[in-house]
Amino acid sequence: MSRILTGIQSSGKPHLGNLLGAIFPAIELADAQAEPAYLFIADLHALTTVRDARLLRENTYAVAATWLACGLDPKRHVFFRQSDVPEVTELAWYLSCLTPYPMLANAHSFKEKSAHLAEVSAGLFTYPVLMAADILLYQADWIPVGKDQKQHIEITRDLAGAFNRVYGEIFKLPEPVFREEVMVLPGIDGRKMSKSYGNTLDVLGDLQELHKRVKRIVTDATPLHAPKDPERCTVFQLFAAVASPERTAELREKYLSGGYGYGQAKEALFEVLKERFAAQREAYERWWSAPDEMEKVLWMGAQKAREEAERTLSRVRQAVGVGASIFRRSFSRG
Ligand code: ADP
Ligand code: TRP
């Protein structure tokens, strides 16, 4: 029996890259296991970048509505908001007392993020420790993540190993599951689609807005009549990621034979996005307009998550020597 666990930060509205690269594959992997998966919205991690309470809440609901609209069954899996399980910050503290400073100072993700910031917070620095706590608290086996999270999983394994050596076997060592087959989707400017570049396509949002964004996809200056290289075109790559192989082959033909413009290709892309995500868009709107329903679902998930969290944490407290002792012996005066 394998327990799947993954988190997605509520640092923005999920985009097409998140859906194809993270959300759909995680749900598929979760549904393939007999055991319920732990899937959560990492709003505490998002606090390292979002400093507007209203925006953070809105993003959290957007992420919740997206997972639910993409088919996550909250009755079968444990779906919750990270901050609804305060036990995770307690475990993060115990782990941080075992974390060597250079391990965090040399982490790629920290070096990269902190290089662009005028002010670097301790939260950003200890981000991987909170992530380790997310995973170890629930004794997860498999962690589906993007390649960018590889080092964070290694840190988690190192911390679990260090804890077990010092205090006895308490934590399972988790394994990452990388999604090799998923390509990195380009955004409308041709760079990797990412919230931080503002080049995303929000396929579950307003259609008019989506249409406008698709029309803004950057293409080269090949004239209408000339043949075009599909492999070097962002419009084509996005189309291929979403459409059936047959439709992709047809579009490839049109590119290669010439007389087919980028404007037409963009219309074809918009149509395929509209069709492919029609059901999810409808479900997203339903969830989005029912925040009380989302709260109910998240509350139910948090209750289940906290039960498991308490089980681990009571063992951890005993092991490290905090809280009431279960061995009620008297202490010698020395
Ligand atoms: P962003 O770059 O927009 O901040 P995140 O880092 O929050 O996105 O992404 C969460 C997960 O979504 C990543 O671990 C990765 O698996 C997936 N993902 C993000 N962007 C893309 C993309 N352009 N193509 C494919 N998958 C992506
Ligand atoms: N750091 C992850 C990301 O940016 C999100 C995350 C937080 C996570 N806690 C986690 C992923 C635990 C997997 C397991 O994508």
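## Basis

The model is predicted, and local features need pLDDT of at least 70, side-chain atom pairs count only at pLDDT 80 or more, and totals for chains, interfaces and linings use all residues. Residues are numbered from 1 along each chain as its sequence is written, chains are lettered from A and ligands numbered from 1 in the order in which they are written, and side-chain values use heavy atoms, with hydrogens and water left out.

## The shell around ligand 2

Ligand 2 is surrounded by 14 residues, the closest being Gln 9, Tyr 127, Met 131, Asp 134 and Gln 149; a residue is near the ligand if one of its heavy atoms lies within 4 Å of it. By type, the shell has 8 nonpolar, 5 polar and 1 charged. Here Ala, Val, Leu, Ile, Met, Phe, Trp, Tyr, Cys and Pro count as nonpolar, Asp, Glu, Lys and Arg as charged, and the others, Gly among them, as polar.

For Gln 9, a polar side-chain atom is 3.2 Å from an oxygen atom of the ligand. The protein buries 89% of the 370 Å² that ligand 2 exposes when taken alone (areas by the Shrake-Rupley method with a 1.4 Å probe).

## Aromatic pairs

A pair of aromatic rings is described by the distance of the centres and the angle of the planes. Rings of Phe, Tyr and Trp (its six-membered ring) pair if their centres lie within 6.5 Å; planes under 30 degrees apart count as stacked, over 60 as edge-to-face and the rest as tilted. The structure holds 14 such pairs. One of them joins Tyr 38 and Phe 80, edge-to-face, at 6.4 Å centre to centre and 80° between the planes. Tyr 38 has 6% relative accessibility and so counts as buried, and Phe 80 is buried at 1% (buried means under 20% relative accessible area, exposed over 50%, partly exposed in between, with a 1.4 Å probe and protein chains only).

Phe 110 and Phe 125 are both buried. Their ring centres are 5.1 Å apart and their planes at 75°, so this pair is edge-to-face.

## Charges over rings

The charged end of Lys 113 sits over the ring of Tyr 127, 4.2 Å from its centre. Lys 228 places its charged end over the ring of Tyr 262, 5.5 Å from the centre. The criterion is NZ of Lys or CZ of Arg within 6 Å of the ring centre and within 35 degrees of the ring normal.

Definitions and conventions:
A polar contact is a pair of N or O atoms within 3.5 Å; within protein, one must be able to donate a hydrogen and the other to accept it, and residues adjacent in sequence count only if both atoms are side-chain atoms.
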